[in-house]
Amino acid sequence: RVGDKHGGASVANVAARWVLDSEVVPAVILGARNAEHVDDHLRMFAFDLDDEDRAAIRGVLAKGRAPTADSYQWERGGQF
C-alpha cells in the first residue's frame, strides 16, 4: 500500500527509503542486473515516507518474527 501511494513504488524502493531514512544508516548497497533496475532504484529518490507510511511499515514489522540474538550469530547458522 505504501508503494501504491507513491506512484507504484516497488517494495525494494520503499524498503531502501525506509532504511535510508534511519538516523543510524548512512547508505544502502543496491544491486542491478540490468539498466531497468538502475532506473527503478533511482525512483526511490522521487518520494519521501510520511508518518502514515512509517506507521504502516512499523505495523507490518511488528507482525514478523524478531531475532533472538545478534545478526552475526544467525548469519552463521545460529537460531533466528
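Student: Which residues is R17 in contact with, leaving aside its neighbours within four places in sequence?

Tutor: In this predicted model, R17, which is found in helix 2, is in contact with M44, F45, F47 and L49 once those sequence neighbours are set aside. Contact here means heavy atoms within 4.5 Å.

Student: Why is R17 called buried?

Tutor: A residue counts as buried when its relative accessible area is under 20%; R17 has a value of 11%, and therefore R17 is called buried. Across the protein, buried residues make up 18% of the 80 residues.

Student: Is E36 buried or exposed, and how do you know that?

Tutor: E36, whose place is in helix 3 (residues 35–42), has a relative accessibility of 63%, and because the threshold for exposed is over 50%, E36 counts as exposed. The C-alpha atoms of E36 and A12 are separated by 14 Å, with the two residues 24 apart along the chain.

Student: Which elements make up the protein, and in what pattern?

Tutor: The protein has five helices and zero strands, and reading along the sequence gives the pattern α-α-α-α-α.

Student: Why is the protein said to be more spread out than a compact globule?

Tutor: For 80 residues the globule rule gives 12 Å, whereas the radius of gyration of the protein is 15 Å, which is well over that value, so the protein is described as more spread out than a compact globule. Along its principal axes, the C-alpha trace spans about 40 × 30 × 20 Å.

Student: What lines the largest pocket, and which helix supplies the largest share of its lining?

Tutor: The largest pocket holds about 470 Å³ of space and is lined by 18 residues, with R1, V2, A56, I57 and V60 lying nearest its centre. Helix 1 (2–5), helix 2 (11–20) and helix 4 (51–63) each supply at least two lining residues, and the largest share, seven residues, comes from helix 4. Sorted by class, the lining has ten nonpolar, three polar and five charged residues.

Conventions
Residues numbered from 1 in each chain as written. Predicted model: local features only at pLDDT ≥ 70, side-chain atom pairs only at ≥ 80, totals over all residues. Heavy atoms only, no water. 1 Å grid on protein atoms, 1.4 Å probe; cavity = no way out; pocket = protein on both sides within 12 Å on 5 of 7 lines; lining within 4 Å. Points joined across faces, edges and corners; volume = space filled by probe spheres on them. Helix = DSSP H or I, 4+ residues; strand = E, 2+ residues; numbered from the N terminus. Nonpolar A, V, L, I, M, F, W, Y, C, P; charged D, E, K, R; others polar. Buried < 20%, exposed > 50% of the residue type's maximum accessible area, 1.4 Å probe, protein only. Rg over C-alpha atoms; globule rule 2.2 N^0.38 Å.
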